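This briefing goes through a single protein chain by topic.

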Amino acid sequence: MLFTKIVCKPACSSRTPLRKNVFIFENLSEAEKAGFHACKRCQPGGHVVSNAEWVTLSQRYLQINYQKQLTLEDIANEMHVGKTYFEHVFRVETGSSVMQYLNQIRLNHGKQLLRESTMKIKPIALRSGFKSANYFSRAFKKYFEMTPSEYRKSKMKIRDEIV
């Protein structure tokens, strides 16, 4: 189970977590010792998490959850902020949009599966978080300038030449 490890004030306007995912600490320092970070929305303790740290947390969240069908709104809710502001901060810090970053993670995972397995394209696409093999193939070709099949064949050739 994944926890976002974000500390909020009890009256925070962010989405309320499931009761089973709630941890109660005596004070903010206890929560921070346990690896929790302050919410960007309600700012418990009065200190603000830097944008760089916040984006790093969101990148970690995306790297763990790339297989899920996530929307920008879903991700922003997990980060306890509005989607427009989240997209703006993420783009300023990384130079790409949230969804571009997520697709890059998915494509790199698909590339790894093409290289290391004999799975067909459709299962690779689904396992990488894409809704369809067609979209995976189009995105793969756009990003890597070759189709998934061409990539797999080129890796097979290199393996054959080494042996």
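**Overall picture**

The chain has an accessible surface of about 10400 Å², and carbon and sulfur atoms account for 53% of that area. The model is a predicted one. Its secondary structure consists of eight helices and two strands, which follow one another from the N terminus as β-α-β-α-α-α-α-α-α-α.

- The chain has 163 residues, and 36% of them are buried.
- Of the contacts between residues at least 6 apart in sequence, 59% join residues at least 24 apart.

**Nonpolar cores**

- In soluble globular proteins, nonpolar side chains tend to be buried together.
- The largest nonpolar core in this chain holds 17 residues, and the members touching the most other members are Leu62, Ile75, Phe86 and Phe90.
- At least two residues of this core come from each of α2 (51-65), α3 (72-78), α4 (83-94) and α5 (98-116).
- Beyond its neighbours within four places in sequence, Ile75 contacts Tyr61, Leu62, Leu70, Phe86, Val98, Met99 and Leu102.

**Helix packing**

Two packed helices are described by the angle between their axes and the distance between the axes.

*α2 and α5*

- The axes of α2 and α5 lie 10 Å apart, at an angle of about 40°.
- The crossing of α2 past α5 is right-handed.
- On the α2 side the contact involves Gln59, Leu62 and Gln63, and on the α5 side Val98, Tyr101, Leu102 and Ile105.

*α2 and α4*

- α2 packs against α4 at an angle of about 100°, with 10 Å between the axes.
- This angle makes α2 roughly perpendicular to α4.
- α2 contributes Asn51, Ala52, Trp54, Val55, Ser58, Gln59 and Leu62 to the contact, while α4 contributes Tyr85, Phe86, Val89, Phe90, Glu93 and Thr94.
- Leu62 of α2 takes part in this contact and also in the contact with α5.

*α5 and α7*

- For α5 and α7 the packing angle is about 95° and the axes are 10 Å apart.
- α5 is therefore roughly perpendicular to α7.
- The residues of α5 that meet α7 are Asn103, Gln104, Leu107, Asn108, Gly110, Lys111 and Leu114.
- Their partners in α7 are Tyr135, Phe136, Ala139, Phe140, Tyr143 and Phe144.

**Residues toward the N terminus**

- Lys5 is in the segment before β1 and, with 34% relative accessibility, counts as partly exposed.
- Lys5 touches Ala34, Gly35, Phe36 and His37, leaving out residues up to four places away in sequence.
- Lys5 and Glu32 are separated by 27 residues in sequence, yet their C-alpha atoms are 9.2 Å apart.
- Phe25 sits in the loop between β1 (6-7) and α1 (28-33).
- With a relative accessibility of 27%, Phe25 is classed as partly exposed.
- Phe25 and Val7 are 18 residues apart in sequence, with a C-alpha to C-alpha distance of 9.3 Å.
- Apart from residues up to four places away in sequence, Phe25 touches Glu30, Ala31, Ala34 and Phe36.
- Ala34 and Phe36 are among the residues touched by Phe25 and among those touched by Lys5.

- His109 belongs to helix α5.
- Is His109 buried or exposed? His109 counts as buried because its relative accessibility is 18%, and the cut-off for buried is under 20%.
- Setting aside residues up to four places away in sequence, His109 touches Tyr66, Gln67, Arg127 and Ser128.
- Glu145 lies in the loop between α7 (133-144) and α8 (148-162).
- Glu145 is not a glycine but has a positive phi of about 60°.
- The relative accessibility of Glu145 is 71%, so this residue counts as exposed.

How values were computed: Residues numbered from 1 in each chain as written. Predicted model: local features only at pLDDT ≥ 70, side-chain atom pairs only at ≥ 80, totals over all residues. Heavy atoms only, no water. Core = buried A, V, L, I, M, F, W, Y, C linked by side-chain atoms within 4.5 Å. Buried < 20%, exposed > 50% of the residue type's maximum accessible area, 1.4 Å probe, protein only. Helix = DSSP H or I, 4+ residues; strand = E, 2+ residues; numbered from the N terminus. Contact = heavy atoms within 4.5 Å. Areas by Shrake-Rupley, 256 points an atom, 1.4 Å probe, with all protein chains shown as cover. Axes fitted to C-alpha atoms, helices over the stretch in contact; angles between N-to-C directions. Left-handed = near helix turned anticlockwise from the far one by under 90°. Parallel < 35°, antiparallel > 145°, perpendicular 65-115°, else oblique.
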